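Let's take a walk through a protein model together, one region at a time. Keep the sequence and the 3D view side by side as you read.

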Amino acid sequence: RWTTFSICSPKVCIVGSGPAGFYTAQHLIKVDIYERLPVPFGLVRFGVAPDHPEVKNVINTFTLTARNSRCSFYGNVNVGKDVSIEELQQAYHAVVLSYGAEGNRRMGVPGEDLAGVYSAKDFVGWYNGLPSCQELSPDLNCETAVILGQGNVALDVARILLAPTDILKKTDITQPALEALVQSQVRRVLIVGRRGPMQVACTIKEFREMVNLPDTRPEMMADDFEGVKEALKDLPRPRKRLTELMMKTALEIPSEKEQERQSKASRVWAFRFLRSPIEILANPDNSRTVGIRLAVNRLEGSGDGARAVPTGEVEDVTCGLLISSIGYKSLPIDPSVPFDSHKAIVPNNMGRVQHTAGLYCSGWLKTGPTGVIATTMNNSFDTARSVVEDMESGTVDVSAARPGSQSISGLLEERGVKPVTFSNWEKIDSLEMSRGEASGKPREKLLTVEEMLQHLTWTELILYTLKGNPMFFIMDAIINKLLQCKSIQMV
Ligand SMILES: Cc1cc2nc3c(=O)[nH]c(=O)nc-3n(C[C@H](O)[C@H](O)[C@H](O)COP(=O)(O)OP(=O)(O)OC[C@H]3O[C@@H](n4cnc5c(N)ncnc54)[C@H](O)[C@@H]3O)c2cc1C
Ligand SMILES: NC(=O)c1ccc[n+]([C@@H]2O[C@H](COP(=O)([O-])OP(=O)(O)OC[C@H]3O[C@@H](n4cnc5c(N)ncnc54)[C@H](OP(=O)(O)O)[C@@H]3O)[C@@H](O)[C@H]2O)c1
Ligand SMILES: *[C@@H]1O[C@H](CO)[C@@H](O)[C@H](O)[C@H]1NC(C)=O
């Protein structure tokens, strides 16, 4: 009915509302964001560790973007299933894919699916309230846990397993996870890497947090640092500082005060180097893991590019809990979109999806599953710049009107999908915060999609009433009119 009003208003939509989605949106004037879950923010909500609340402050900026009338949020829409990418391309001049990396790399060794073996992705999702991971209920009834991988996610998991629950209970960790951790028998966490100390993927701040974690002590092995001192001077500064701290932890005799602290600690953590998984070991009736067989490696080459080569020697480590933290992995969500299954990314040039005008990508889907939020921000700004350039240069034709959310909303309604608006999310948000307040936590997350949707029915009702009102359409059209023509540009 009102399409005539939007003739020169380019329509852009974004798939996924993590940092990549929001940072891309921030530089585009009018966008619709489609998100699979009823709640926004991706890994900021479901990945970032509960004891790192300051990292989640980016949510404030995302919220300002989302509240702006130039941006519309459609939660509870699973793109690739509820609506196809082709349908989005027909409705919008440009489509930006920023749906992250929802899968994980697999170790590819026998026993990977035994009970007691978890991916870090699922384990993190469990303690952070990701609805699809709530059934995990990991068994923490063992003394030793092995974590494979030495990135920051591995350290997040180690910290959560070892941190005093008095600290965790003041965070937004889920209640079931907190209760399981209170009961946990885990006293020892080994963080195992396939390469050496100079190749660890974690950063110094996160390593220092381990060193200072109350009620724990490090048990590094001095032998692992043979020859490392000599190599220090050639390392880039961040790597050098991290290596020095690891060496200090492994080699130096701590101060008396620190010795006293360590002697009282009830839990232990350690790094183990030059070990790759070969097989997960099972108990006699093959029902769960009792350990892991590791290949002993040596390094070929040096620095970041050094390769792990098996020496032929093997070593068995006993553990009742094994968490594989060797990386996340993006998945294809729609067969019509090019996908490089080797690199597990959408092949692109500055965010422009190869061979597909008007289709873009940003975030982990564009770069692969590494990089902190600031890295994701930078690469998302680059993608937004590509979108704007292409519209200005005419590479993407914006002369003909596209219906945008109007036609997609119609399709979703036909398919019985009820999108969750941003103000509906804000209702869930305040509910979670007030639930948290009761138990001294910043929030108590809702743990199932059903529960999230259930709390919205009355707000939805009001919205539908509003939408049926002709005044609503007229106002909407006037606002659109004011914004059109120059509506895609860098802000
Ligand atoms: C465990 C963990 C902890 C981290 N901690 C930190 C930290 O402390 N500090 C830091 O700077 N960085 C941290 N990072 C890195 C940071 O989270 C990433 O850089 C960033 O989240 C990547 O953003 P993204 O938008 O590409 O992906 P995501 O954040 O994963 O967002 C993707 C979004 O797309 C949605 N989606 C998926 N499929 C569909 C679909 N089919 N249709 C619609 N929507 C869909 C998802 O639900 C999600 O909301 C951490 C990462 C992990 C894994
Ligand atoms: N506090 C924070 O700022 C924070 C917290 C969490 C996550 N993040 C960021 O999020 C990103 C993802 O973190 P991540 O820990 O998942 O990934 P990551 O930093 O890439 O670390 C992956 C680890 O897994 C190892 N690995 C990969 N494949 C393996 C295999 N087949 N066998 C054995 N080991 C293997 C890697 O070793 P190799 O080096 O040998 O490949 C590396 O140690 C990172 O950029 C991280 O910094 C940041
Ligand atoms: C992001 O880009 C800015 C400006 O180019 C740069 O200074 C900063 O180091 C980048 N950050 C990351 C994490 O890449």
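Helices (H or I, at least four residues) and strands (E, at least two) are DSSP runs, numbered from the N terminus. UniProt, in an unreviewed entry, gives residues 11-161 the feature "domain: FAD/NAD(P)-binding". UniProt positions are given in the numbering used here, feature names are shortened, and annotations may be inferred rather than shown by experiment.

A word on what you are looking at. This is a predicted model, in which local features need pLDDT of at least 70 and side-chain atom pairs count only at pLDDT 80 or more, while totals for chains, interfaces and linings use all residues. Residues are numbered from 1 along each chain as its sequence is written, and chains are lettered from A and ligands numbered from 1 in the order in which they are written.

Now step back to the whole chain. It is divided into domain 1 (3-102 + 330-483) and domain 2 (104-328), with bounds that come from an automatic or database domain assignment. The centres of the two domains, taken over C-alpha atoms, are separated by 34 Å. Where the domains meet, 18 residues of domain 1 are in contact with 22 residues of domain 2; contact means that the C-beta atoms of two residues, placed from the backbone, lie within 7 Å. The side of domain 1 that touches domain 2 divides into 9 nonpolar, 4 polar and 5 charged residues. In this count, Ala, Val, Leu, Ile, Met, Phe, Trp, Tyr, Cys and Pro are nonpolar, Asp, Glu, Lys and Arg are charged, and the others, Gly among them, are polar.

Where does ligand 1 lie? Domain 1 and domain 2 both give residues to the shell around ligand 1, so this ligand lies between them. There are 35 residues around ligand 1, and G16, G18, G42, G100 and G363 come nearest; a residue is near a molecule if its C-beta atom, placed from the backbone, lies within 6 Å of it. The elements that give two or more residues to this shell are α1 (19-26), α6 (152-162) and α14 (373-393). Of these, α1 gives the most, with 3 residues. By type, the shell around ligand 1 holds 17 nonpolar, 14 polar and 4 charged residues.

Helix α1 is mostly covered, with 8 of its 8 residues buried. Buried means that 20 or more other C-beta atoms lie within 10 Å of a residue's own; with 12 or fewer the residue is exposed, and in between it is partly exposed, with C-beta atoms placed from the backbone. Among the buried residues of α1 are P19, F22 and Q26.

Ligand 2 comes next. It also lies between the domains, because domain 1 and domain 2 both give residues to its shell. Of the 24 residues around ligand 2, G149, G151, N152, V153 and A201 come nearest. The largest share of this shell, 4 residues, comes from α6.

Stay with α6 for a moment, and find D156, which lies in this helix. D156 is buried, because 26 other C-beta atoms lie within 10 Å. Leaving out residues up to four places away in sequence, D156 touches A49 and V124. D156 and P50 are 106 residues apart in sequence, yet their C-alpha atoms are 9.3 Å apart in space.

What about the inside of the protein? In soluble globular proteins, nonpolar side chains tend to be buried together. Here the largest nonpolar core has 61 residues, and V95, V96, L97 and V387 have the most contacts inside it. Such a core is a set of buried Ala, Val, Leu, Ile, Met, Phe, Trp, Tyr and Cys residues joined through C-beta atoms within 7 Å. The largest share of this core, 5 residues, comes from α14. A second, separate core of 58 residues includes W126, L213, L321 and I323.

Finally, look at the loop between α13 (364-367) and α14, where you will find G371. G371 counts as partly exposed because it has 15 C-beta neighbours inside 10 Å. V372 is found in the loop between α13 and α14 too, and V372 counts as exposed, with 11 such neighbours.
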